[in-house]
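Good morning, and thank you for the time. I would ask you to look at the model on the screen while I speak about the ligand and its surroundings.

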Amino acid sequence: MKATTTQSYRKSLSALFIFLFMACLLFAPKVFAGTTTLSYANFPPAPTFPCVQMERWKKEVEKRTNGMVRINTYPGGTLLGAKDMIDGVISGQADIGNLCMAYQPGRFTLTNAMSLPLNIPNAKTGSLVLWDLYKKYRPKAFSKVKVLTMFTTAPTNIMSKKPVRNLADIKGFDLRASGGAAQILKAWGANQVGMPMSATPEALQKGVVQGLFSSLEVMKDFKFAETCKYVTMTDTVVYPFAVVMNLDRFNALPKEVQKVMEDMGEEQAEWTGTYMDNHVKESIIWSKHENNVEFINLSAREKSIWDEKLNPITRDWIENANKKGFPAKAIVKDINLMIQKRADR
Ligand code: 3IO
């Protein structure tokens, strides 16, 4: 009698478990039906600005789509490296990727006009102008991806182990840059060494380069202030970036999710530019006060000699871009107008 009771008790317990299991199977798809998981690849380490903007975008998209989309982020080149970004997104190795256009200057001719010496005052203006430029010309270089946003760094300056006070100091000096910024260094007579930012900490440490030419927030985010004790203020060109998504993956998203992402394009550009500008200020203070970095300002006379060296750059870009079939003069004119429009806000 006792054995039978235990047996029937066990039977009903199993039945209950089976019932619960089936119920889970039935309801689970309802809960998760609308959830798409997307991967987002980035090349530099997590604390740097391209990854900070990535986390902000992820958080906002997840919130604004009420959990219909989940985004897994991969900083530090763990999913795609700096130069593999756009091809990795096109082939679907990552759904979304963040790339720096300066690393493939010949591929992004039009948008790399942002790295001409056109006196873009800050990252907020640069980012909004780049977005305006992209929307106006829709360059073919991005025809195989969905462009989610674009932004630029703040204007670039020289960070180095030895002081650069004049053109004689920079002549033959091994400095790292990429794309349009590298052309600037060359014009000043430096021995320009091209590599992505993600390779720079090791190159500096091994002495392959004596410094770099980029926006100053990296003094703090990469701790370059510990080795580069000198900054020469030049406030020249900006580096342009793009966030791109696999086209099929984008087209497969529900319309309302697509709308959330599209509505965020300009907002994200402005957010990132503003974050960059504020972070540069913090980094300068940190470098001066915590790391004793000397900030060198060129005299007006010296600056005019440096500026003069840059005169041929825009002319050469126009000639080269014309040959490739771009309306190069109109592009430069447009950028200048867009700078005026965006800088006034
Ligand atoms: C940059 C790239 C990765 C992380 C932080 C950064 N700050 C400025 C840049 C610009 C750039 O790509 C470069 O190569 O200087």
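This is a predicted model: local features need pLDDT of at least 70, side-chain atom pairs count only at pLDDT 80 or more; totals for chains, interfaces and linings use all residues.

Which of the 17 residues around the ligand come nearest? They are Tyr103, Arg176, Ser214, Glu217 and Tyr239.

Let me turn to individual atom pairs. In the side chain of Arg176, an N or O atom lies 2.4 Å from an oxygen atom of the ligand. For Tyr103, the separation between a side-chain N or O atom and a ligand oxygen is 2.7 Å. Glu217 places a polar side-chain atom 2.7 Å from a nitrogen atom of the ligand. How much of the 350 Å² that the ligand exposes when taken alone does the protein bury? The figure is 100%. The space that the ligand takes is, moreover, the largest cavity.

I come now to the domains. The protein is divided into domain 1, comprising 30–153 + 239–278, and domain 2, comprising 157–237 + 283–324. Their centres, taken over C-alpha atoms, are separated by 26 Å. The contact between them takes 22 residues from domain 1 and 24 residues from domain 2. Both domains also contribute to the ligand shell, with at least three residues drawn from each.

Note on methods
Residues are numbered from 1 along each chain as its sequence is written. Side-chain values use heavy atoms; hydrogens and water are left out. A residue is near a molecule or strand if one of its heavy atoms lies within 4 Å of it. A polar contact is a pair of N or O atoms within 3.5 Å; within protein, one must be able to donate a hydrogen and the other to accept it, and residues adjacent in sequence count only if both atoms are side-chain atoms. Accessible areas come from the Shrake-Rupley method with a 1.4 Å probe; for residues, only the protein chains shown count as cover. On a 1 Å grid over the protein atoms alone, a cavity is a set of points where a 1.4 Å probe fits but cannot get out, and a pocket is an open set with protein on both sides within 12 Å along at least five of seven lines; lining residues have an atom within 4 Å of a point. A molecule sits in a cavity or pocket if more than half of its atoms lie within 2 Å of its grid points. Domain bounds come from an automatic or database domain assignment. Contact means heavy atoms within 4.5 Å.
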